[in-house]
Amino acid sequence: MNLVHYLGKQTLGVLACYQQGKVVMHICGVYPRINNALRVFFPKGHALTVGDFATLHLDNRTGVDQFDATISVYRASYKGRVAEVDEDWVLLEPRECQVMYGLN
């Protein structure tokens with residue numbers, strides 16, 4: 001299985017990384033790929049460079065406007081390395097990922 005199966009083709013993410021000794025956080029659009037790489041969009045820009053490490057927290061509830069007892073929730077903690085940078089976009093390659101499942 002891959003992350004697209006659990007999270008869908010797009011979701012919101014919270015990304016954290018270290019830059020110049022400080023923790024930097026971003027809310028970003030995340031587009032999982034079949035090979036578990038993530039294409040990430042930063043609406044307000046970023047200062048990431050190739051080789052940087054980042055951690056993302058994701059779940060599949062993006063776009064869900066009602067919650068009920070039958071919703072299947074997948075959460076992922078994703079650690080990756082920046083492989084490509086293209087203006088406000090970054091491609092992250094996976095280093096470690098953990099997917100958790102819950103009904104509430």
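Trainee: What percentage of the 104 residues in the protein is buried?

Mentor: Keep in mind that this is a predicted model. Buried means under 20% relative accessible area. Of the 104 residues, the buried share is 34%.

Trainee: Which pattern does the protein follow along the sequence?

Mentor: Start with the inventory: one helix and six strands. Read along the sequence, the pattern is α-β-β-β-β-β-β.

Trainee: How many aromatic pairs does the structure hold?

Mentor: Ring centres must lie within 6.5 Å to pair. Y31 with W89 has its centres 5.7 Å apart. F41 with W89 has 4.9 Å centre to centre. The count of aromatic pairs is two.

Trainee: Is the pair of Y31 and W89 stacked, edge-to-face or tilted, and why?

Mentor: Planes under 30 degrees apart count as stacked, and over 60 as edge-to-face. The planes of Y31 and W89 are at 45°, so the pair is tilted.

Trainee: How many residues apart are Y31 and W89?

Mentor: Y31 lies in strand β2, residues 22-32. W89 lies in strand β6, residues 89-102. The pair links distant parts of the chain, and the separation is 58 residues.

Trainee: What is the angle between the planes of F41 and W89?

Mentor: This pair also links distant parts of the chain, with F41 in strand β3 and W89 in strand β6, 48 residues apart. The pair is tilted, and the angle between the planes is 50°.

Trainee: Are Y31, F41 and W89 buried, partly exposed or exposed?

Mentor: Y31 has a relative accessible area of 29%, and F41 is at 28%. W89 has 24%. Each of Y31, F41 and W89 is therefore partly exposed.

Trainee: Which residue lies over the face of W89?

Mentor: A charge over a ring must be within 6 Å of the ring centre. Here the distance is 4.1 Å, and the residue is R39.

Trainee: How many disulfides does the structure hold?

Mentor: A disulfide needs cysteine sulfur atoms within 2.5 Å. Take C17, which is buried at 4% relative accessible area. The closest cysteine sulfur, in C28, is 9.9 Å away, so that is too far for a bond. The number of disulfides is zero.

Trainee: Which elements give two or more residues to the nonpolar patch?

Mentor: The patch is made of L12, V14, Y18, V23, M25 and I27, with about 670 Å² of accessible area together. M25, for one, is found in strand β2 and counts as exposed at 59% relative accessibility. The elements that give two or more residues are β1 and β2.

Trainee: Where is Q20, and is Q20 buried or exposed?

Mentor: Q20 sits in the loop between β1 and β2. Phi of Q20 is near 55°, a positive value in a residue other than glycine. The cut-off for exposed is over 50%. At 83% relative accessibility, Q20 is therefore exposed.

Trainee: What value is phi of N36 near?

Mentor: N36 belongs to the loop between β2 and β3. At 24% relative accessibility, N36 is partly exposed. Its phi is positive, in a residue other than glycine, and near 70°.

Terms used: Residues numbered from 1 in each chain as written. Predicted model: local features only at pLDDT ≥ 70, side-chain atom pairs only at ≥ 80, totals over all residues. Heavy atoms only, no water. Phe/Tyr/Trp six-rings, centres within 6.5 Å; stacked < 30°, edge-to-face > 60°. Helix = DSSP H or I, 4+ residues; strand = E, 2+ residues; numbered from the N terminus. Buried < 20%, exposed > 50% of the residue type's maximum accessible area, 1.4 Å probe, protein only. Lys NZ or Arg CZ within 6 Å of the ring centre and 35° of its normal. Patch = residues over 30% accessible without salt bridge, like charges linked within 9 Å, V, L, I, M, F, W, Y side chains within 5 Å. Areas by Shrake-Rupley, 256 points an atom, 1.4 Å probe, with all protein chains shown as cover. Salt bridge = Lys/Arg side-chain N within 4 Å of Asp/Glu carboxyl O.
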